[in-house]
There are 2 protein chains.
Amino acid sequence: MTDTEGMRRADRRSAILDAATSVFVERGYAGTTMDDVAAAARASKQTLYQRFGDKVGLFEAVIEANIADAEAGTDPHLAALRDTDDIEGDLGRFARQHIRDVLQPHLLRIRRLVIAEADRFPTLAQTWFERGPERAHDTLADLFAHLTERGILDTDRPRVAAEHFNWLVLSIPLHRSLYQPNTRPTDDELDAIADEAVRIFLAAYAAPQQRTGRGR
Amino acid sequence: MTDTEGMRRADRRSAILDAATSVFVERGYAGTTMDDVAAAARASKQTLYQRFGDKVGLFEAVIEANIADAEAGTDPHLAALRDTDDIEGDLGRFARQHIRDVLQPHLLRIRRLVIAEADRFPTLAQTWFERGPERAHDTLADLFAHLTERGILDTDRPRVAAEHFNWLVLSIPLHRSLYQPNTRPTDDELDAIADEAVRIFLAAYAAPQQRTGRGR
């Protein structure tokens, strides 16, 4: 396979997954057939089965692709955080971007879908949870352990700190959005939530010598 | 109406709502008819329409009744918190109970249901959000304002503090439970999550003179 062929294959895969995302979100998991996706993606059913195995495999690929797209937004902020000498500023920039990535409307719809189907199709919700929140927690735990070694944070349970930080940043706007699909927090509200999450987190987890002046 | 008649009516209403809860959780909102509920509750359809108006009214009554039941568990802890002279202990006892109330399996199923239907039936999710999380936030905001006046907490935005506290306590186990319906955190895990949530919250929101020795 030449490089050009490889790129064409990747583009084609990406186009199929975009079409599949739209169909799943529109019709639900149980309501979507491989025929529906084949028609929407202008692909043959044979192609879908060859590439994704079955409907579960296709939906897992949809989850994986959409989460990977969303995560790309915070990669530079995570890199900056490892070498930070401004923990409050860099953590704040990460948090503001992270909220926006996670609250994208199509991701909220996929999230609602997997929650809705968690009883009937537990592997889908499990896949979402592992590829989304749990992977983010692993990444943040690794970062917080590194920053503890550097004397910037102070935690002997970086995984717990990571979960609390992630939900401090996300919970308020995420719950509002899950239950109120027709409202959306303003950019100013999102920034204020991110900044307060960082303040709370650092009050509890900054190394003592970093804490000066952070109280109120 | 005599007192005994009033009690019988209340018992009957409660029995109908229990039956309706089971049917909605089993069949989903769209999949449930008033006939289904009437059969499960051994009531006439006329009785249902008289008491609840329509299916939306019935489901709202189901939400209201289930949340009111769950909230009763923390009432004594909230009362203790107003006059507390042990904020860490009393907030910890509230948090441990609050987690257990919210994670009850039937409440998780109703929560999944309203999230699932949020696009098609936004008023149901809105009702859940107002009667559940938002009412809890109002109650906690009122408490935190009172504790700030007493010099125990220090916040000029008690509503924001209330939302952050509520989700600090609930987010980790709630997200695990939403996406992994067949797993349940152990009691020790729940207590550890509650205690760490309280530690983080007080690090950020305790009045300065209360903070001594709370860092790590």
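Tutor: Let's settle one term before the packing: a helix axis here is a line fitted to the C-alpha atoms over the stretch in contact, and angles run from 0 to 180 degrees between N-to-C directions. Bear in mind too that this is a predicted model.

On the α1(A) side the contact is made by A15(A), I16(A), A19(A), A20(A), S22(A), V23(A) and R27(A), while α2(A) brings D36(A), V37(A), A40(A) and A41(A). Sorted by class, the residues of this contact come out as eight nonpolar, one polar and two charged.

Now look at what α1(A) does with helix α7 of chain A, residues 105-116. Here the angle is about 55° and the axes are 10 Å apart, so α1(A) and α7(A) are also oblique to each other. This crossing, though, is left-handed. From α1(A) come T21(A), F24(A) and V25(A), and they meet H106(A), R109(A), I110(A) and L113(A) of α7(A). That contact divides into four nonpolar residues, two polar and one charged.

R42(A) is in the loop between α2 and α3 (45-52) of chain A. Its phi is near 50°, a positive value in a residue other than glycine. Most residues other than glycine have a negative phi. R42(A) is exposed, with 9 other C-beta atoms within 10 Å. Chain B has its own R42(B), in the loop between α2 (34-41) and α3 (45-52), and phi of R42(B) is likewise near 50°. R42(B) is exposed as well, with 9 other C-beta atoms within 10 Å.

I193(A) has 24 C-beta neighbours inside 10 Å, and 20 or more is the mark for buried, so I193(A) counts as buried. Leaving out residues up to four places away in sequence, I193(A) touches I99(A), I172(A) and P173(A).

Finally, the two chains together. Their contact takes 34 residues from chain B and 34 residues from chain A. On the chain B side, α7 (105-116), α8 (122-149), α9 (158-179) and α10 (187-205) each supply at least two residues, and α9(B) gives the most, with 10 residues. By class, that side of chain B has 20 nonpolar, seven polar and seven charged residues. As for how the copies are arranged, chain B can be laid on chain A with an RMSD of 0.0 Å by a turn of 180° and a shift of 0.0 Å along the axis. The two copies are thus related as by a two-fold rotation axis. In chain B, the C-alpha nearest that axis belongs to A116(B), 2.3 Å away. And 100% of the interface residues of chain B are also interface residues in chain A, so the copies meet through the same surface.

How values were computed:
Residues are numbered from 1 along each chain as its sequence is written. Chains are lettered from A and ligands numbered from 1 in the order in which they are written. This is a predicted model: local features need pLDDT of at least 70, side-chain atom pairs count only at pLDDT 80 or more; totals for chains, interfaces and linings use all residues. Two residues are in contact if their C-beta atoms, placed from the backbone, lie within 7 Å. Helices (H or I, at least four residues) and strands (E, at least two) are DSSP runs, numbered from the N terminus. Ala, Val, Leu, Ile, Met, Phe, Trp, Tyr, Cys and Pro count as nonpolar, Asp, Glu, Lys and Arg as charged, and the others, Gly among them, as polar. Copies are superposed by least squares on the C-alpha atoms of residues with pLDDT of at least 70 in both. A residue is buried if 20 or more other C-beta atoms lie within 10 Å of its own, exposed if 12 or fewer, and partly exposed in between; C-beta atoms are placed from the backbone. Angles under 35 degrees count as roughly parallel, over 145 as roughly antiparallel, 65 to 115 as roughly perpendicular and the rest as oblique. A crossing is left-handed if the near helix is turned anticlockwise from the far one by less than a right angle, and right-handed if clockwise.
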